[in-house]
Amino acid sequence: MARALINVPPKAKRGELIEIKTLISHNMETGFRPDNTGKPVPRDIITEFVCKYNGEEIFRAELYPAVSANPFLTFFTIATESGTLNFEWTGDNGFSATESVNITVE
Amino acid sequence: MTRHDDTLQATRRRFLIDTAALAGAAGIWLPLATGPASATPASMRAAIRKVVGEAPVTKGRLKIDLPPLIENGNAVSLTVAVESPMTVEDHVKAIHVFTEKNPQPNVISVQLGPRAGRATFSSRIRLADSQKVIAIAQMSDGSFWSDEIEVIVTLAACLEGV
């Protein structure tokens with residue numbers, strides 16, 4: 001299981017703009033680097049990231065090999081109601097990781 | 001004497017031309033011989049066309065934030081911000097980032113909606129060479145806006161051996 005770090009403010013006012021920061025450990029092998037025999041190392045990257053707020057999709061990213069190792073993504077959303085933010089990463093070789101964070105909206 | 005001078009001049013000229021040609025050839029051929037094929041401006045244009053279709057792309061309304069001089073191309077912080085009220089009627093649907101000389105032109109594509117509140121995202125990307133980076137935003141009304149930036153990369157990413 002890949003280690004993921006999520007930063008979401010635990011409390012927010014209704015209608016407030018909040019910043020979400022995510023980081024996941026993954027080496028994002030590009031598929032373009034040769035190994036010591038000269039053959040390229042097979043590609044192994046995270047291809048997709050989805051963030052859902054109480055089940056509704058608020059942000060989605062499609063990643064390519066040009067994204068650095070340990071993909072870091074920050075984005076914004078409006079705090080509408082208390083609930084859960086779900087994060088999901090999927091990638092090559094059946095890679096899948098999920099994480100969730102609770103938020104209280106006053 | 002004159003005749004001798006002429007030959008000397010001619011030889012020197014010949015030598016200079018040959019050296020320049022050789023250097024030019026080496027300069028052009030070495031990267032091709034060692035590196036894998038990289039995205040060219042043409043393939044970047046093709047990748048952009050795939051996203052926008054035949055729609056016109058206008059400059060403006062968004063801003064790429066990328067350091068102009070990059071020491072290490074393996075992790076370059078990238079921020080793309082689009083000016084938009086982000087309402088249900090008028091919001092940014094997607095932001096795409098492309099490069100000219102990475103092995104592939106696509107870097108990252110994000111999809112967002114009115115619930116994002118602010119059409120801005122950040123990430124860290126790899127850059128294989130000094131090149132042009134382009135971001136394109138797709139609005140809810142179907143228009144496309146772009147911004148481009150030239151960056152200088154001293155240590156390239158992606159292509160070194162393990």
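In which sense do β5(A) and strand β6 (residues 106-112) of chain B pair, and over how many bridges?

Analyst: They pair in the antiparallel sense, over 5 bridges. Two strands count as paired if DSSP finds at least two bridges between them. Strands are DSSP runs of E with at least two residues, helices are runs of H or I with at least four, and both are numbered from the N terminus.

A word on the model and its labels. This is a predicted model, in which local features need pLDDT of at least 70, side-chain atom pairs count only at pLDDT 80 or more, and totals for chains, interfaces and linings use all residues. Residues are numbered from 1 along each chain as its sequence is written, while chains are lettered from A and ligands numbered from 1 in the order in which they are written.

Now back to the pairing. Take A:R60: its bridge partner in β6(B) is B:Q111.

A further pairing crosses between the chains. β6(A) runs antiparallel to strand β7 (residues 120-125) of chain B, with 2 bridges. Here A:T74 has B:S122 as its bridge partner.

β7(B) also pairs inside its own chain. It is joined to strand β4 (residues 76-82) of chain B by 6 bridges, and these strands run antiparallel. One of the bridges links B:V76 to B:I125.

Next, the contact as a whole. It takes 28 residues from chain A and 31 residues from chain B. Two residues are in contact if their C-beta atoms, placed from the backbone, lie within 7 Å. On the side of chain A that touches chain B, the elements giving two or more residues are β5 (56-63) and β6 (72-78) of chain A. β6(A) gives the largest share, 7 residues. By type, this side of chain A divides into 19 nonpolar, 5 polar and 4 charged residues. Nonpolar means Ala, Val, Leu, Ile, Met, Phe, Trp, Tyr, Cys and Pro; charged means Asp, Glu, Lys and Arg; the others, Gly among them, are polar.

Finally, look at chain A itself. It has 0 helices and 8 strands. Its C-alpha atoms fill a box of roughly 60 × 20 × 20 Å, taken along the principal axes. Of its 106 residues, 28% count as buried. A residue is buried if 20 or more other C-beta atoms lie within 10 Å of its own, exposed if 12 or fewer, and partly exposed in between, with C-beta atoms placed from the backbone. Among the contacts in chain A with a separation of 6 or more, 57% join residues 24 or more positions apart.
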